[in-house]
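Subject: Structure for your review

Dear colleague,

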Amino acid sequence: MHEMTQTQVIRNPHRQADSQLRRRWAKLRRNKAALFGSVLILIYLIIALLAPILFPGNPSAPNLMKSLERPSMEHPLGTDELGRSILGRIIYGSRVSLLIAIGVVMVGLLVGLPLGLISGYYGGKVDFGIQRVTDTLLAFPGFLLALALVAVLGVGLKNTIISVGISMVPIYIRLVRGCTLSVREQTYVEAARAMGTRDMTILIRHILPNVMAPITIQTSLGMGTAILFAAGLGFLGIGVQPPTPEWGAMLGSGRAYLFNAPHVATFPGIAIFFAVLGFNLSGDGLRDILDPRFKL
Amino acid sequence: MRQDSLLSIHHLRTRFHTYEGVLTAVDGIDLEVYRGETLGVVGESGCGKSVTALSILRLLASPPAEIRGKVLFDGENLLQMSLDEIRQIRGNSISMIFQEPMTSLNPVLTVGEQISEAIKLHQGVTREEAWSKAVEMLRIVQVPSPDIRAREYPHKMSGGMRQRAMIAMALSCHPRLLLADEPTTALDVTIQAQIVELMERLKEEIRTSIVLITHNLGLIAEMAKRVAVMYMGKVVEEAPVEDLFLEPLHPYTHGLLGSIPWIGRKMKSGRKQLQEIPGMVPSLLEIPDACRFHPRCSRAMEICRKEEPPLVQKNGRRVLCWLWK
């Protein structure tokens, strides 16, 4: 009897870790939409990484002789008002957009995660203070908040990331706080306190890993929103500044030629659409995989 | 006072400030725990047993909780210690086992990590030493193949196994006092018996005192030497375990003992329905005047409705009731 349990135990660990991965992979494969989303993100990532190979020239060098050309063999997606290849600018724009997406969720997490954890764990006055500030920020529509912050900080890539990032902070604070509130009441947190564990250790070792799943999902969804917000700022001309290729700004400058050269605005729009779609679909898919309530 | 006291609780009163009013969960109790003995604390749900244990280690968030009185552990008042001092006591000199073995281990950390974390915290040893001590503790609580089990996550273990791991964690720093809050309630009967046996054995080996909180009178009979019966935040009776079972003084204790199903009772005293204590435990917001048990008491007298019952001391026993005045 004793030996039997032992052999069982020895045999299991690797296979189980293995089978859990496989189960998740199988689940992802079944979820066609999530798979499609992940593939989209992967494609954008590859494009961003291989940009200099895919488009050898300088995407920002103007060539006024060729302005507003329709799609052709030389420029598959046509050229913009300064004669720059739209394909090249979309390829390089994916670098900017992914950078913004990552930067924004980093800002959101960096500020929102600790504040949410502290707010949820300590409660009381600290919680009250943090939550009233969060309420105030949430009262503004997210994009308006980002817009106001740009007005204060100024334009440019760095300020776009900071502004959009801060506009997402309250969402992270709320999410993390909510999860912390429920994990805090778990017996294992009480048990850790009864063992004399410090609050800091409890927060980082016991609570944080248990709130990671919803945060991961929100991060994926947040990247989509970040790209959309940054593109919105770019469209209004107060985001990333030319000549840096940025999809929103391309869309904005193409607006003037919507009737005689619709491709100038259309293709960056499509690029934005699929990037946001990719992050949203994979975020939904992640939820299905990570949330035990959705176990199939 | 033949033996010396390890933990002595004086007028412990724990109140919760809520929106509906002030709830007095523990209302001025006095208890002594002697070295090496097991004190049983019994009572219905909501009588303040668990709150008493949590108050001892100051694990209740305050506010809303307000703890008054004195809790002397080895002569030092736990309620007046700084947060750092009490943290040194927790898990080291006094540790606690909880009712829910299924949720009292963190699902994202391996069992070994959780036990060695406690060891590292209080014994200032290296990671490797703490780990080997953790494995040793698992061996002591009879977890099969402890070195493999230590590297596993709690979800792979059964309830009984997890409770063993919890006991291993609680005893890893050889505490002088163990607060066991319903340690067997969530387990099935055969596992209960194993856990009881294990706790008995470890109590001898590590020489700890135990405060056993439960509503299982069988468990009390098995393990405890003295018993305190709690009702609505007060200790209504305290007695050596044999005396309590043979001759309960307080009508509430009487009712509790009467409501245990007894295999074979029918044979002796004829077909008889299982007794019950009439009524429900009132809300802590509506504590009855005078004796708080009188609305449910079968032997209530006029005075029980008018005046607070006195504490009657009777050959080593204490009872809070007018009947014995």
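Predicted model: local features only at pLDDT ≥ 70, side-chain atom pairs only at ≥ 80, totals over all residues.

The predictor gives the complex an ipTM of 0.82 and a pTM of 0.82. For chain B the mean pLDDT is 85, and 96% of the residues of chain B reach 70 or more.

Chain A

Chain A contains 12 helices and 0 strands. Along the principal axes of chain A, its C-alpha trace spans about 85 × 50 × 25 Å.

Two helix pairs in this chain deserve a description. Two packed helices are described by the angle between their axes and the distance between the axes.

The crossing of α11(A) and α12(A) is left-handed. On the α11(A) side the contact is made by A:W247, A:M250, A:L251 and A:G254. On the α12(A) side it is made by A:V264, A:A265, A:P268, A:G269, A:A271 and A:I272. The classes in this contact are 8 nonpolar and 2 polar residues, with no charged residues.

The peptide bond that joins A:P242 and A:P243 is cis, with an omega of about 10°. As background, most residues other than glycine have a negative phi, and most peptide bonds are trans.

The contact between the chains

How many residues of each chain are in contact with the other chain? There are 18 in chain A and 23 in chain B. On the chain A side, the elements that give two or more residues are α1(A), residues 2–30, and α8(A), residues 187–194. The largest share of that side, 6 residues, comes from α8(A). By class, the side of chain A that touches chain B has 7 nonpolar, 9 polar and 2 charged residues.

Chain B

In chain B, 8 strands form an open sheet with mixed pairing. The strand order is β6-β7-β8-β3-β9-β10-β12-β11. Which strands stand at the edges of this sheet? They are β6(B), residues 94–97, and β11(B), residues 311–314. Each of these has a single partner strand, so one side of each is left without a neighbour in the sheet. Neighbouring strands of the sheet are turned by 20° against each other on average, direction ignored.

Within the sheet, β3(B), residues 38–42, and β8(B), residues 209–214, pair in the parallel sense over 5 bridges. In this pairing, B:V41 has B:I213 of β8(B) as its bridge partner. Helix α6(B), residues 159–171, packs on the sheet and touches β6(B) and β7(B), residues 177–181. The direction of α6(B) makes about 170° with that of β6(B).

The edge strand β11(B) pairs with β12(B), residues 317–320, in the antiparallel sense over 4 bridges. B:V312 stands opposite B:V319 of β12(B). These two strands form a hairpin with 2 residues between them. In the turn of this hairpin, B:G316 has a positive phi of about 75°.

A positive phi also occurs at B:H174, at about 50°, although B:H174 is not a glycine. B:H174 is placed in the loop between α6(B) and β7(B).

With kind regards

Note on methods. Residues numbered from 1 in each chain as written. Chains lettered and ligands numbered in written order. Contact = placed C-beta atoms within 7 Å. Nonpolar A, V, L, I, M, F, W, Y, C, P; charged D, E, K, R; others polar. pLDDT = per-residue confidence, 0-100. Pairing = 2+ DSSP bridges. Axes fitted to C-alpha atoms, helices over the stretch in contact; angles between N-to-C directions. Left-handed = near helix turned anticlockwise from the far one by under 90°.
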